[in-house]
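Here are my notes on the model you sent over. Have the structure open while you read, and go through the points in order.

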Amino acid sequence: MNKLILITRPDFDHTTSYISYYAGLVMKKMDDQGIPYKSFDGKNAVRDEIHKFLLKKDPKFLFLNGHGNKDSIEGTKGNIIFDTTDKDLFKGKMVYARSCLLGQNFGKEIFQHNDGCFIGYVNPFIFFIDDTQSHPSRDKIAGYYLEPSNEIALSIIKGNSAQESHDRGRKAMLKNMKKLLLEENHPAGVVEALWNNFDGQVLFGDGEIRF
Amino acid sequence: MKYSKDVKELITERISVMPSNFKLSIGNYGTFSKEQLLQSIQDEDKVGLEVIRMQLNFINALTSGRFTDALNNE
Amino acid sequence: MDDEAKIKFKKIFANLPSKIRQDDIIVVIENKPYNWNAAYFEINNNTPDGKKILEKLLEMKII
């Protein structure tokens, strides 16, 4: 296995453009730390190319951003990049899937008795956006959700264990919930959506595995 | 109809105080304005059911003490 | 007013952060929303709305 990261960053709607932008912030840290990665961006986030790379280069950490359901995750629109039939591809790998519902079945089935680990969600991963902002970089509201989520990937690339990375992500969400509750005019609905992601985040597999 | 009139009325009120410039991104389902969410709740479509589930889950976290416990153990 | 329900409500209320108490809408009675603080006031003062609030919270299985 190689100390290499595979990232998917589709970008065809609001959700994918936001999560992919935030994944880009993690990539900047990887650049700073000289950690090699391959990012499948936009229309390049397709199953064939991703699988080819996975088999050839054997990356240890997969940071997957995209729409999902309980059994599969997409890359670019309508292209399923991984599903439960891909079990063998994940032996010993670390996966963080910023995607909906994968934790309900995919994560559990593949990683429960696997040497690797899966961090993901049993709920839809939801977040508010501020429609008055034209770009994710200027959207403070979306940041409350996506910065804690980035903490998971950042923690993994720092060499922390899967358990610690899972905990750091959750801790960052709690910190934001606290911050919102202490603000004079905290916007309605924001805390409950954060709670949804916090409550729904799961870790399967080996909690001690490191990148 | 999966949820009672009272539950839908409550969730509708909770969503109605959401800022008008916010939209909610709900994974595969898309990104929705307040007005769209309110309609979805009335229609009990997939989006509406998900919003109701999320809200009730949060209320449950409040009433069971899980929310406050989590904040205090941070 | 149902004492048991009142006690349940008060115990839950006591465990909520103050921002939640003042901002979080928890019940609607005759098209009027109540947050936790307002609901507490009605229930604690045994008003007719307080009784309706408790009944609804029980029906919705919130308490």
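1. What is the mean pLDDT of chain C, and what percentage of its residues reach 70 or more? The mean is 96, and 98% of the residues of chain C get to 70 or more; pLDDT is the predictor's confidence in each residue, from 0 to 100. For the complex, the predictor gives an ipTM of 0.96 and a pTM of 0.96.

2. A word on conventions. This is a predicted model, in which local features need pLDDT of at least 70 and side-chain atom pairs count only at pLDDT 80 or more, while totals for chains, interfaces and linings use all residues. Residues are numbered from 1 along each chain as its sequence is written, and chains are lettered from A and ligands numbered from 1 in the order in which they are written.

3. Start with the sheet in chain A. It is open and has 6 strands in the order β2-β1-β3-β6-β7-β9, with mixed pairing. (Strands are DSSP E runs of at least two residues, helices are H or I runs of at least four, both numbered from the N terminus; two strands pair if DSSP finds at least two bridges between them.) The edges are β2 (37–41) and β9 (201–205) of chain A, each pairing on one side only. On average, neighbouring strands are turned by 15° against each other, direction ignored.

4. Helix α2 (residues 47–57) of chain A packs on that sheet, where it touches β1 (2–9), β2 and β3 (59–65) of chain A. Its direction makes about 175° with that of β1(A); axes are lines fitted to C-alpha atoms, for helices over the stretch in contact, and angles run from 0 to 180 degrees between N-to-C directions.

5. One to look up: Y121(A) has Q201(A) as its bridge partner in β9(A).

6. Now the inside. The largest nonpolar core counts 98 residues, and F63(A), V95(A), C117(A), F128(A) and L194(A) have the most contacts within it. Such a core is a set of buried Ala, Val, Leu, Ile, Met, Phe, Trp, Tyr and Cys residues joined through C-beta atoms within 7 Å; buried means 20 or more other C-beta atoms within 10 Å, exposed 12 or fewer, and partly exposed in between, with C-beta atoms placed from the backbone. Helix α4 (residues 140–157) of chain A gives the largest share, 10 residues. Leaving aside neighbours within four places in sequence, the contacts of F63(A) include I5(A), I7(A) and A153(A).

7. How do chains A and B meet? 23 residues of chain B are in contact with 29 residues of chain A, contact being C-beta atoms, placed from the backbone, within 7 Å. On the chain B side, α3(B) supplies the largest share, 6 residues. Strand β8 (residues 126–130) of chain A also pairs with β1(B), antiparallel, over 5 bridges, and there F22(B) is the bridge partner of D130(A).

8. Finally, some backbone spots to check. D58(A), in the loop between α2 and β3 of chain A, has a positive phi near 50° although it is not glycine; D58(A) is partly exposed, with 14 other C-beta atoms within 10 Å. E44(B), in the loop between α2 (34–43) and α3 of chain B, also has a positive phi near 50°. Most residues other than glycine have a negative phi.

Methods
Contact = placed C-beta atoms within 7 Å.
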